[in-house]
Amino acid sequence: MSGLNLRAISHAFGSNQVLNNVSVSVEPGELVCLLGPSGCGKTTLLRLAAGLETIQAGTVEIDGVVVGDADSGANLPPEKRHVGLMFQDYALFPHLTIRENIGFGLAQKDRTQAHNNISARMESMGISDYADVYPHTLSGGQQQRVALLRALAPGPKVLLLDEPFSGLDVTRRAQVRTETLRTIKDTGVGTLMVTHDPEEAMFMADRILVMNEGRVLQDGSPTDLYFHPHDQFVTELFGPVNEFTGAVENNLIKTPIGDFPVTGHEDGTELAFLIRPEGFLIDDQNGSIKLKVVTARPLGRSSVVMMELKDGTPIEARVPGVVLPKAGQTVGVSIRPEQIHYFPK
Amino acid sequence: MVSIAAKAPKSLNVRLKNRLDSWTFFAFFVTALIGAPIITVIVMAFTDTSDIWQHLYNTVLGTYVQQTLLLMIGVGVGVTVIGTSTAWLVTMCRFPGSRIFEWALLLPLAVPGYVLAFVITDQLEYAGTIQVFLRDLFGWTSARDYWFPEVRSLPSAAIVLTLVLYPYVYLLARAAFLEQSVCALEVARTLGKSSWGSFFSVALPLARPAIVVGVMLALMEVLNDFGTVDYFAVQTFTAGIFDVWLNMNSTAGAAQLSTVLLAFVLVLIVLERTARQGKKFHHTSTKYSELPSYCLRGKRAFWAFVLCALPVLLGFILPASVLAHYAINFYEETLAADYFRFVANSLTLSTTAAVVAVLIGLFLAYAVRLSPTPAIKVAARAASVGYAIPGAILAVGVLWPLGALDSMISLLGDYAGIAIGAVMAGTIIPILYGYLVRFLALAYGASESSLGKVTPNMDGAARTLGATPFTALKSVHYPLMRGSLLTAGILVFVDCMKELPLTIILRPFNFDTLATFVYQYASDELIEESALGALTIVGAGIIPVILLSVTITRSRPGSTS
């Protein structure tokens with residue numbers, strides 16, 4: 001099987017188990033994101049794929065060849081694996097010019113041949129003027145592009161990206177993201193990317209693997225994860241939610257905000273009942289739930305409306321556009337059923 | 001399991017393991033090489049069946065212990081007081097010349113102890129400048145007319161060694177004072193401490209681990225010293241080892257004295273390592289601004305000036321000017337004694353040793369980085385312990401394994417019917433080996449800290465781009481480390497130029513370096529005729545002083561340079 005295949009990987013640093021039976025596969029042309037909080041083992045997985053860590057349990061297969069296998073002790077060194085790895089800090093060689101950096105991975109005989117290729121890519125990414133300068137003179141965004149081109153230059157069988165945008169300021173990220181995605185998709189290389197930013201993962205990925213504490217919690221498309229999260233952790237990845245608890249009674253859960261039908265849980269099961277802030281519609285005519293407005297703040301594209309129930313339970317809603325009901329006013333609210341998720345406690 | 005294993009070709013497996021092992025193997029080989037002389041000495045000491053132990057104990061051991069301890073105490077107190085007080089003065093106070101003293105106080109580091117000993121004796125003895133002047137002044141006609149302290153004595157040795165070794169303490173204490181956050185000191189002042197009070201309650205305790213490291217390094221040099229104690233006839237262990245070995249012709253006895261000396265060394269190493277660990281005080285403040293400088297005026301400025309000027313004057317200006325004066329008048333005699341051959345020998349030895357030490361240090365540090373297993377770390381650390389081992393011990397330990405190797409080779413030659421003779425003895429290999437054991441720590445330490453500045457991601461980037469460990473070292477690490485490696489090489493070079501005890505014993509017959517030439521001439525009261533040689537050694541010694549003073553002014557955290 002081509003692409004990248006990580007099977008049943010477990011890894012520990014001393015007594016600290018960072019990966020626990022993790023399997024990931026990336027098809028050629030596919031972009032897969034590992035999404036999870038820092039310290040959940042994502043980067044270790046990349047390093048194992050690249051051969052920078054010695055495999056302890058499981059198998060790494062690249063383009064149909066086993067390059068690392070804990071049982072047989074096979075561990076192909078990184079230089080033989082033909083992976084492109086782009087680091088969070090870019091790790092550009094400070095003593096080499098931009099062109100030398102990008103050409104580092106090319107064999108001497110290929111260099112002239114690949115020279116035009118590199119020049120064209122640099123041109124398309126708008127860094128051709130910097131071919132002969134040293135990395136420290138470039139901005140963060142330019143360094144990021146150089147790092148990406150350097151990783152892609154030798155034509156790797158698989159591309160690994162470790163937090164590729166975390167070094168950029170927020171205003172730059174959107175642009176660099178678009179550009180990076182286009183460049184990667186142009187090459188058609190299978191890509192495994194690590195990030196802790198759900199929005200970034202949603203934007204970049206064909207498929208997202210949510211990880212926490214060394215395990216994969218869910219593997220699915222961006223919309224899958226958003227609309228069909230497997231558990232509370234995955235639900236909350238995309239932002240804080242309004243959480244209620246209650247027990248199931250006749251396929252119904254009683255919460256302070258109302259009674260809702262639930263399926264698939266026996267009577268008496270304690271559930272965490274979660275409503276995303278964007279699940280609320282403020283609609284005085286049809287909204288059957290009456291809430292008192294505490295504050296309302298415009299964010300531009302959307303507004304945050306803080307409300308409370310009669311018993312004082314706070315509710316956070318995020319509504320599109322500028323919607324600013326007055327504090328103290330009571331509004332009618334309805335809830336979109338697809339933004340409701342519940343899981344056993 | 002079987003099916004997975006079948007996917008990985010066996011040949012691949014074997015090849016990979018071999019590659020990984022060659023670096024690890026190298027690290028352990030170096031450790032064995034460095035450890036061999038020390039182990040040899042210990043084995044020799046404990047396998048001898050005759051009762052030399054008893055004999056040594058009854059005769060000389062007590063004297064050696066007493067004299068060595070007295071010398072260590074004298075030098076220890078001396079370097080602590082001079083090193084710390086001058087470091088504090090030039091770091092915290094402004095007085096006439098304070099900026100110059102910042103680097104000038106390092107100058108005595110360029111003067112080997114034995115050279116200063118020769119010069120001071122030359123000036124203070126009966127026919128020397130001082131006594132001649134006193135006799136003229138008071139009209140004395142002979143030594144019976146007045147009392148003058150004995151020059152060739154233990155106190156003189158302590159003073160001489162203090163003067164050339166205090167820069168170790170000065171260097172580390174000054175670095176520690178510079179590193180201290182100014183906030184800690186300012187807080188102490190606002191809490192009601194005087195400037196002297198804040199020195200004793202804040203600055204000194206914070207710098208104490210660094211000062212201890214400096215004192216321990218100085219004391220290791222005291223144990224290593226042969227030239228000074230020999231000239232002043234102080235019966236320390238190193239002098240004793242030479243005496244028992246060369247005059248009493250008892251190798252086993254020398255080895256046994258060496259093991260006792262090793263115990264002294266071990267104590268120093270433990271104290272030094274402990275202090276280094278304690279050095280990691282963490283400053284909670286990240287604010288570093290220009291250090292406050294107390295402007296000293298009047299009497300205070302005068303005394304500060306005197307306190308800083310004296311060590312420089314006695315430890316550098318006096319010997320350098322006396323030697324320069326003699327060199328100008330007697331250079332023809334020095335040249336006639338084959339000065340240029342000595343220079344060539346010194347340069348060849350020191351350059352070769354520096355290059356080899358830096359290469360091995362670099363490879364060792366890189367091997368640790370490639371597979372930082374506990375075993376390899378311990379091995380590397382063990383390999384860098386040689387700096388503490390006195391040259392006399394190494395001389396004993398180097399000569400015998402190489403001698404054994406020689407007889408083995410010639411025995412093999414006999415079997416093959418070829419007369420090979422001694423391969424090692426009579427060449428410079430024993431000296432180079434000794435230098436390497438003693439100075440590898442310098443090169444390894446520099447490589448390690450310089451390698452630490454190349455981020456692990458650089459390795460990762462190079463490797464994933466197709467570079468083997470060796471290619472990565474050559475094309476990424478080496479260019480980034482070149483400056484530091486050059487500095488390390490120069491430090492090793494200069495230390496080899498100055499080195500005396502190892503060189504005297506391990507050099508081939510009729511092979512003289514600048515150091516052995518100066519030592520032999522000066523011992524024969526021919527200091528004028530060897531002055532140019534001594535001056536050359538001092539001149540070489542100034543190079544690292546310049547490098548160190550540049551480094552130390554740049555090392556201040558928060559400074560822009």
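**Group meeting: a two-chain predicted model**

Good morning. I begin with Thr503(B), which is placed in helix H21 (residues 501-506) of chain B; helices here are DSSP runs of H or I with at least four residues, strands are runs of E with at least two, and both are numbered from the N terminus. The model is a predicted one, in which local features need pLDDT of at least 70 and side-chain atom pairs count only at pLDDT 80 or more, while totals for chains, interfaces and linings use all residues. Residues are numbered from 1 along each chain as its sequence is written, and chains are lettered from A and ligands numbered from 1 in the order in which they are written.

Is Thr503(B) buried or exposed? Thr503(B) counts as buried, because it has 28 C-beta neighbours inside 10 Å. The term buried requires 20 or more other C-beta atoms within 10 Å of the residue's own, exposed means 12 or fewer, and partly exposed lies in between, with C-beta atoms placed from the backbone. Leaving aside residues up to four places away in sequence, Thr503(B) touches Ile431(B), Thr513(B), Ala515(B) and Thr516(B); a contact means that the C-beta atoms of two residues, placed from the backbone, lie within 7 Å.

Now to chain B as a whole. Chain B contains 23 helices and two strands. It has 561 residues, of which 45% count as buried. Among contacts in chain B with a separation of 6 or more, 84% are between residues 24 or more positions apart.

Next, helix packing. Two packed helices are described by the angle between their axes and the distance between the axes. The axes are lines fitted to C-alpha atoms, for helices over the stretch in contact, and the angles run from 0 to 180 degrees between N-to-C directions.

Helix H4 (residues 61-92) and helix H14 (residues 298-336), both of chain B, pack at an angle of about 130°, their axes being 10 Å apart. H4(B) is therefore oblique to H14(B); angles under 35 degrees count as roughly parallel, over 145 as roughly antiparallel, 65 to 115 as roughly perpendicular, and the rest as oblique. The crossing of H4(B) over H14(B) is left-handed, a term used if the near helix is turned anticlockwise from the far one by less than a right angle, with right-handed for clockwise. H4(B) contributes Ile82(B), Ser85(B), Thr86(B), Leu89(B) and Val90(B) to this contact, and H14(B) contributes Ala304(B), Leu307(B), Cys308(B) and Pro311(B). By class, these residues are seven nonpolar, two polar and no charged; Ala, Val, Leu, Ile, Met, Phe, Trp, Tyr, Cys and Pro count as nonpolar, Asp, Glu, Lys and Arg as charged, and the others, Gly among them, as polar.

A second pair is helix H15 (residues 339-370) of chain B and helix H16 (residues 374-383) of chain B, whose axes come within 9 Å and cross at roughly 160°. This angle makes H15(B) roughly antiparallel to H16(B). H15(B) also passes H16(B) in a left-handed crossing. Leu364(B), Ala367(B) and Val368(B) of H15(B) meet Ile376(B), Lys377(B), Ala380(B) and Ala383(B) of H16(B). The contact of H15(B) with H16(B) has six nonpolar residues, no polar and one charged.

I turn to chain A. Its division is into domain 1 (4-236) and domain 2 (240-344), with bounds from an automatic or database domain assignment. The C-alpha centres of the two domains of chain A are 39 Å apart. Six residues of domain 1 are in contact with seven residues of domain 2 in chain A. On the side of domain 1 that touches domain 2, helix H8 (residues 232-237) of chain A gives the most, three residues.

Two residues of chain A have positive phi without being glycine. Phi of Glu163(A) is near 45°, and Glu163(A) is found in the loop between strand S8 (158-162) and helix H5 (170-187) of chain A. Glu163(A) is buried, because 20 other C-beta atoms lie within 10 Å. Asn250(A), with phi of about 50°, is in the loop between strand S12 (242-249) and strand S13 (252-255) of chain A. Asn250(A) counts as exposed, because it has 8 C-beta neighbours inside 10 Å.

Lastly, how many residues does each chain give to the contact between the chains? Chain A gives 26 residues and chain B gives 22.
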